[in-house]
Amino acid sequence: VYSAIERAPEPMLEKKRYLLEWMARYLDERTTRPVSVETRRRNEGCTDYWVPMWFVRSWKSIDGAFVMRLNERRVQVNFSDHTKVVLDATAGVITFIDENADISAHLISEARRANYRDPEVTKRVSMVSGLLAARS
């Protein structure tokens, strides 16, 4: 069933409507780089219905970080400095997105080691662990 967001049944969809509006404002205010015209054109009309969609199950703002529990055993943390961490427990992978939107993927088991090759990733994994522990 589809309808305009203004006509969402109350209170059934009110939390979802609030989350969508809040996330839209959050992204508008904090996005550091706009999506290129080429990327928008490339993705225009994409109808691959077999790709599973991620969605937010719950979220919370903790100590200057925005923590989202997603479906499929994933957690995304957006930090105030525009870095992001996505933990995928099923695959055992952490994806780190730095301030310049450069993306790198790491095994969670390796990234937790103190002598890991990328100390910034180790620091972020430790921060995420602390945030998740505080969230429980």
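**Close-up views of a predicted model**

View 1. With a relative accessibility of 22%, V93 counts as partly exposed (buried means under 20% relative accessible area, exposed over 50%, and partly exposed in between, using a 1.4 Å probe and protein chains only). This is a predicted model, in which local features need pLDDT of at least 70 and side-chain atom pairs count only at pLDDT 80 or more, while totals for chains, interfaces and linings use all residues. Residues are numbered from 1 along each chain as its sequence is written, and side-chain values use heavy atoms, with hydrogens and water left out. V93 lies in strand β5 (helices, H or I of at least four residues, and strands, E of at least two, are DSSP runs numbered from the N terminus). Setting aside residues up to four places away in sequence, V93 touches V86, L87, D88, A105, H106, L107 and I108 (contact means heavy atoms within 4.5 Å). Look also for E110: V93 and E110 are 17 residues apart in sequence and 9.5 Å apart in space, C-alpha to C-alpha.

**View 2. The largest nonpolar core.** This core has 16 residues, and V77, F79, V85 and L131 are those with the most contacts inside it (a nonpolar core is a set of buried Ala, Val, Leu, Ile, Met, Phe, Trp, Tyr and Cys residues joined through side-chain atoms within 4.5 Å). At least two residues of this core come from each of β2 (65-70), β3 (74-79), β4 (84-88), β5 (93-97) and α4 (119-135). Helix α4 gives the most, with four residues. Not counting residues up to four places away in sequence, V77 touches A65, F66, V67, T83, K84, V85, V128 and L131. A second, separate core of five residues includes M23, F66, M68 and L70.

**View 3. Strand β2 and its two partners.** Five of the six residues of β2 are buried, so β2 is largely enclosed by the rest of the structure. Strand β1 (residues 56-62) runs antiparallel to β2, joined by six bridges (two strands pair if DSSP finds at least two bridges between them). Here I62 has A65 of β2 as its bridge partner. Two residues separate β1 and β2 in their hairpin, where D63 in the turn has a positive phi of about 45°. On to β3: β2 and β3 pair in the antiparallel sense over six bridges, with F66 opposite N78 in β3. Their hairpin has three residues between the strands, and E72 takes a positive phi near 60°.

**View 4. T122 in helix α4.** T122 is found in helix α4 and is buried, with a relative accessible area of 15%. Leaving aside neighbours within four places in sequence, T122 is in contact with A111, R112, R113 and Y116.
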